[in-house]
Amino acid sequence: MSKCKILSFGEVLWDIYPDKSVIGGAPFNFSAHAVMQGADVDLISAVGKDELADKTLAEIKNKGVGCEYVHVSQYDTGYCSVTLDNGIPSYNLVSPVAYDDIKLTDTEIKDIINSNYNYLYVGTLALRNKASFNTFRNLAKAFNGKIICDVNLRQHYYSKELLDYLFNVASVIKISREELSAVTEALNLSADYDIFAKELSKTKSNIELIVLTLDKDGAVVFDLRNSEIKSYYSQKPQSKVLSTVGAGDSFFGAFITSYFSGKSLSDCLNKAVNVSDYVVTRLEAIPDLPPELKN
């Protein structure tokens, strides 16, 4: 079977703590985890002309993610300043930064289309500014694979219009339980899981799957591909949580690669939960996985 080929669009950024800097960003974390599951992944993003730029590109390459479409912006490499108050972190996303200025040439878009990627991943944060949004929209119009969306709401950097757009173009959408209320409020949908799925099936014919992560309760996927909606619940995670950073990204990377391979939705869910259940036992967002959790 051919390898899953994924384009990942969006931010790569650094969390700047008083004593350290840690690379992250949902698209980057997702990409690295998808690579660990056997996918070929290229990241579309941007870095600045600063000290973090070379370090960022080195980290992307180190995780086996392609960076041909990571360009240099006039803005600084993305970062998020983190302050601690009695040990409790507070995050301040800076704008504008390089990932607000993601660009592709017409030639690059043609090359992408000719490369026959299976999926185009996007989150919500990187589309907060017009430049990156317009680049993604132009790419999405031409893309001949499926668009998969991770709803990762951050601070005030989302809108009803943005969510509505993404729900109109995506085939697979992942939402966390903590973000569901904001999504349903913005789109005037029910917060009840089953009714939410039914409402989307009636109004968004492009959506195949809605994946809802439920933290300690695992996850559920709603299959909207037929008139009769089917729901599948995963097993519950078992591990004691050390850090949730990167857990959702590892989950989605494992789920999408399993889905591409043709596994049942129940198997896809349980594989994804097992992977994220391991990640939460580590401090880093992209720990190396044991062999039994790869591929």
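## Chain and secondary structure

Helices (H or I, at least four residues) and strands (E, at least two) are DSSP runs, and they are numbered from the N terminus. In these terms glutamine 155 lies in the loop between strand 9 (146–151) and helix 5, and the protein chain as a whole has 9 helices and 13 strands. The model described here is predicted.

The radius of gyration of the protein chain is 18 Å, which agrees with the value near 19 Å that a compact globule of 295 residues would have. Along the principal axes, the C-alpha atoms fill a box of roughly 55 × 45 × 40 Å.

## Surface and charge

Of the 295 residues in the protein chain, 54% count as buried. The accessible surface comes to about 13,400 Å², and carbon and sulfur atoms account for 47% of that area. The chain carries 30 positive and 37 negative side chains, with the centres of the two sets lying 4 Å apart.

In soluble globular proteins, nonpolar side chains tend to be buried together. In this model the largest nonpolar core has 56 residues, and those with the most contacts inside it are Ile44, Ile112, Phe136, Val151, Phe167, Ile173 and Ile175. Helix 5 (residues 160–169) gives the most to this core, contributing 5 residues.

Phenylalanine 136 illustrates the packing in some detail: leaving aside neighbours within four places in sequence, it is in contact with Phe9, Leu120, Val122, Leu127, Ile147, Tyr165 and Leu166.

Threonine 213 is found in strand 11, which covers residues 209–213, and it counts as buried because its relative accessibility is 13%, while the cut-off for buried is under 20%. When residues up to four places away in sequence are not counted, threonine 213 touches Lys174, Ile175, Ser176, Arg177, Gly218, Ala219 and Phe251. One of these partners, Ile175, is also listed among the residues with the most contacts inside the largest nonpolar core.

Valine 22, in strand 3 (residues 21–24), is partly exposed, with a relative accessible area of 34%. Apart from neighbours within four places in sequence, valine 22 is in contact with Leu13, Trp14, Asp15 and Tyr17. The C-alpha atoms of valine 22 and tyrosine 69 are separated by 22 Å, and these two residues are 47 residues apart along the chain.

## Backbone features in loops

The peptide bond from serine 95 to proline 96 is cis, with omega near 0°, and proline 96 has its place in the loop between strand 7 (88–93) and helix 3 (106–114).

Asparagine 116, in the loop between helix 3 and strand 8 (119–123), has phi near 55°, a positive value in a residue other than glycine. Glutamine 155, in the loop that leads from strand 9 to helix 5, likewise has a positive phi, near 50°, and is a residue other than glycine. With a relative accessible area of 40%, glutamine 155 is partly exposed.

How values were computed:
Residues numbered from 1 in each chain as written. Predicted model: local features only at pLDDT ≥ 70, side-chain atom pairs only at ≥ 80, totals over all residues. Heavy atoms only, no water. Buried < 20%, exposed > 50% of the residue type's maximum accessible area, 1.4 Å probe, protein only. Contact = heavy atoms within 4.5 Å. Rg over C-alpha atoms; globule rule 2.2 N^0.38 Å. Areas by Shrake-Rupley, 256 points an atom, 1.4 Å probe, with all protein chains shown as cover. Lys, Arg positive; Asp, Glu negative; His and termini not counted. Charge placed at Lys NZ, Arg CZ, Asp CG, Glu CD. Core = buried A, V, L, I, M, F, W, Y, C linked by side-chain atoms within 4.5 Å.
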